[in-house]
Amino acid sequence: MPTPEVPTPEAPAAEVRAAEAGPEYRIEDLAHHSGATVRTIRAYQDRGLLPKPERRGRSNVYGDSHLARLRQIAELLDRGYTLASIKELLEAWDAGRGLGGVLGLVAEVSGPWTDEEADRISRAELDARFGGVPDDEAVADAVALGVLERVPGSDDEFLVPSPQELAVAVELHAAGVPLKAISVHLRELRGQVEHIASRFLEFTTEHVFARYLTSARPTDAHVAEAASLVRRLRPLAQQSVDAELARAMRLFATRHLQQHFGPESPPAQPGGASPVPVPAATLAAVERLVGRENAAAFITGATERELQARALDALTLPQQGIRQSDQRP
C-alpha cells in the first residue's frame, strides 16, 4: 500500500494566509471588475472616497474591500448623490454608524417634496400648447430654468419636471403674457420662494433639528428619528405657503379691485394711461433684457410688484402703526 503523501506545514499555512487575505488586484484589474476607469479610481483616492492601496515593492495592491467600495459609490451615484454627499455617507459608515440609517435620512431630505409626477412632451405638442408658433429662444430659456429638461438622445422630446408649472405658463401665455415676461417673472418668483424655503429650514433647524446637529456624531436611533421628523414636516412648508399666498391674494386682489372700480376711484383718463418719463439708460437696459415689444409690460409689472412689496412691508409694522395708517385719508 502506498504511503499517503503528507503535505509540508508551509503549504497549508500559505494557503490559509491567501484565503484570509482574499483576492488581490492591480489597478487595471480593479478597474475591469468594478467598471470604473483607472483615472476614476485614482480620482476617488485623491478625494478620500477610496482607501489607499497596499504598497508591495513597486506595485500597488487592491483588495475586495476596494472593489466593494467602488460598487457602493457607483450605486450611490446612480441614486443621484453627489460625490461630496457620498463622501459624508461613507465617512459615517466608517465611523461605525449604519449606512442604511444615514441613507434613509438623506433619502427623506433629497427625495421629492411633492406628489406631482414628471411628464414628457414632444416639441410639436409644446409648440401647439403655446400658440403653434415655434420659439427656439423660449424653449432654451425654459431649459435653462429647469421647466423643461432635454431627453438624452432625442431632439424632439422633453421631460417636464412639474406639469403644473408648465400649465401655468400655458395659461398665462394664452391670456396675453409674453413668454419672455413669464421667464422674467419666474426667475423673480423663484428667488423669493427660495428665500422662504431657506427661512423655513432655518426655523425648523433651530427649534426641531438642533438636537441632532451636536458636535458628537448622532446615533443610528437619532438618525432614524430625524428622518421620521423630516417625513412628517415635509408637507408643512407647502401648506403654510399655500395658506399665506391665498390670504395675500385675497387681500391684494380686493384692494386692486377697489382701486379700479370703487366709488372713490377717480374716473379713468382717456386713453387708459398717463405718460411717465423713464430715463433713456433704464429703458435701453429693459429693452435689451426683454425686447422692445415687452418693455412696457415689464416696467408696469415691476412697478406693481414694488407697490405690493411696500404694502407687505406696511403689514409687518406694529399694530399701532397699522391702526394709524388705516386712519389716514
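Which residues does Leu-30 touch, not counting residues up to four places away in sequence?

Guide: Leu-30 touches Tyr-25, Ile-41, Tyr-62, His-66, Leu-67 and Leu-70, with residues up to four places away in sequence not counted. Touching, or contact, means heavy atoms within 4.5 Å. This is a predicted model, in which local features need pLDDT of at least 70 and side-chain atom pairs count only at pLDDT 80 or more, while totals for chains, interfaces and linings use all residues. Residues are numbered from 1 along each chain as its sequence is written, and side-chain values use heavy atoms, with hydrogens and water left out.

Leu-30 belongs to the largest nonpolar core, a group of 18 residues in which Leu-30, Ile-41 and Ile-86 have the most contacts. A nonpolar core here is a set of buried Ala, Val, Leu, Ile, Met, Phe, Trp, Tyr and Cys residues joined through side-chain atoms within 4.5 Å. Buried means under 20% relative accessible area, exposed means over 50%, and partly exposed is in between (1.4 Å probe, protein chains only). At least two residues of this core come from each of α2 (27-34), α3 (38-47), α4 (64-78) and α5 (83-94). Of the contributors, α4 gives the most, with four residues. Helices (H or I, at least four residues) and strands (E, at least two) are DSSP runs numbered from the N terminus.

The packing of α2 against α3 comes next. Their axes are 9 Å apart and meet at an angle of about 100°, which makes α2 roughly perpendicular to α3. Axes are lines fitted to C-alpha atoms, for helices over the stretch in contact, and angles run from 0 to 180 degrees between N-to-C directions. Angles under 35 degrees count as roughly parallel, over 145 as roughly antiparallel, 65 to 115 as roughly perpendicular and the rest as oblique. On the α2 side the residues are Ile-27, Glu-28, Leu-30, Ala-31 and Ser-34, and they meet Val-38, Ile-41 and Arg-42 in α3. Sorted by class, this contact has five nonpolar, one polar and two charged residues. Ala, Val, Leu, Ile, Met, Phe, Trp, Tyr, Cys and Pro count as nonpolar, Asp, Glu, Lys and Arg as charged, and the others, Gly among them, as polar.

Another helix pair is α8 (residues 136-145) with α10, packed at an angle of about 10° with axes 10 Å apart. The two helices are therefore roughly parallel to each other. Glu-137, Ala-138, Asp-141, Ala-144 and Leu-145 of α8 make this contact with Leu-179, Lys-180, Ser-183, Leu-186, Arg-187 and Arg-190 of α10. Its classes are five nonpolar, one polar and five charged residues. Ser-183 sits in α10, which spans residues 179-209. With a relative accessible area of 11%, Ser-183 is buried, and beyond residues up to four places away in sequence Ser-183 touches Asp-141 and Leu-145.

Asp-127, in helix α7 (residues 123-129), counts as buried because its relative accessibility is 13%. Leaving aside neighbours within four places in sequence, Asp-127 is in contact with Gly-132, Val-133, Pro-134 and Asp-135. Arg-234, in helix α11 (residues 220-261), is also buried, at 18% relative accessibility. From Arg-234 to Val-109 the C-alpha to C-alpha distance is 8.6 Å, although they are 125 residues apart in sequence. Glu-149, by contrast, counts as partly exposed at 38% and lies in strand β4 (residues 149-150). Glu-149 touches Phe-158, Leu-159 and Pro-161, again not counting residues up to four places away in sequence.

For the chain as a whole, there are 14 helices and five strands, and 24% of the 329 residues count as buried. The mean pLDDT is 77, and 74% of residues reach 70 or more; pLDDT is the predictor's confidence in each residue, from 0 to 100. Over residues 1-20 the pLDDT is below 50, and this stretch has zero contacts in the model beyond near neighbours in sequence. Residues 315-329 also have pLDDT below 50, with six such contacts.
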